[in-house]
Amino acid sequence: MNPPEELIDDLQLVDPPEPFRLNWWYVAAAVLAIVLMAIILKKRAKTRLVRLEAAKLRRAWVDALAELEKLFALIDSEQSRPYATESSAIIRHYIEERFDLRAPTQSTEEFLETARYSPKLLSGFGTDGRLVAVRHQEALAEYLRICDLLKFARTLADKQELRNLHDAAVAFVKESRPQKPEGQA
């Protein structure tokens, strides 16, 4: 063992530790990696939201067609008031899900006024050169007015009139089928 006076000399020979130095290349690489991960995660989240929204719209479309098909039995028994009530509710619910408009809680006039100015219904031009929304709005307005007559005015309709009403409802749902989002096959 060294005597105490030599111990102090030995300690003085030890180099002091270097101060902590930050390597800026490592910091830059870490920041870049974090930014890239954030961009990738944001893009994946957006893609997932688009797919979920597309699935919701598709489900609303399929459900509306299936429910209208179930209502077809009311036509054969010429139950015009129940048919008008149920088919109108189906179409209004479909519109709410498909176009995000509050159709079920509004009167027909209120809904048609809202639909007239809604950018959500504008979907381009059809083969006849008119806006698809205008064509849909005209057919939908006529359909809802006939349903209102059958529901509230106690008007009766025969099988052919009910079939025409049913065909109009099915045509509206089919023509307003949601498009697949970009990037999906």
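A polar contact, as the term is used here, is a pair of N or O atoms within 3.5 Å; within protein, one must be able to donate a hydrogen and the other to accept it, and residues adjacent in sequence count only if both atoms are side-chain atoms. By that criterion, the side chain of Gln 79 makes a polar contact with the side chain of Ser 77, at 3.1 Å.

Colleagues, this is a predicted model, in which local features need pLDDT of at least 70 and side-chain atom pairs count only at pLDDT 80 or more, while totals for chains, interfaces and linings use all residues. Residues are numbered from 1 along each chain as its sequence is written, and side-chain values use heavy atoms, with hydrogens and water left out.

The protein chain has six helices and zero strands, these elements being DSSP runs numbered from the N terminus (helices H or I, at least four residues; strands E, at least two).

Gln 79 sits in the loop between helix H2 (24-76) and H3. Beyond its neighbours within four places in sequence, Gln 79 is in contact (heavy atoms within 4.5 Å) with Leu 74 and Leu 162. Its C-alpha atom is 8.9 Å from that of Lys 159, 80 residues apart along the chain.

Helix H3 covers residues 80-99. Its buried residues include Ser 80, Tyr 83 and Phe 99. After H3 comes Asp 100, with a positive phi near 60 degrees.

Notes:
The expected span of a helix is 1.5 Å times one less than its number of residues. Buried means under 20% relative accessible area, exposed over 50%, partly exposed in between (1.4 Å probe, protein chains only).
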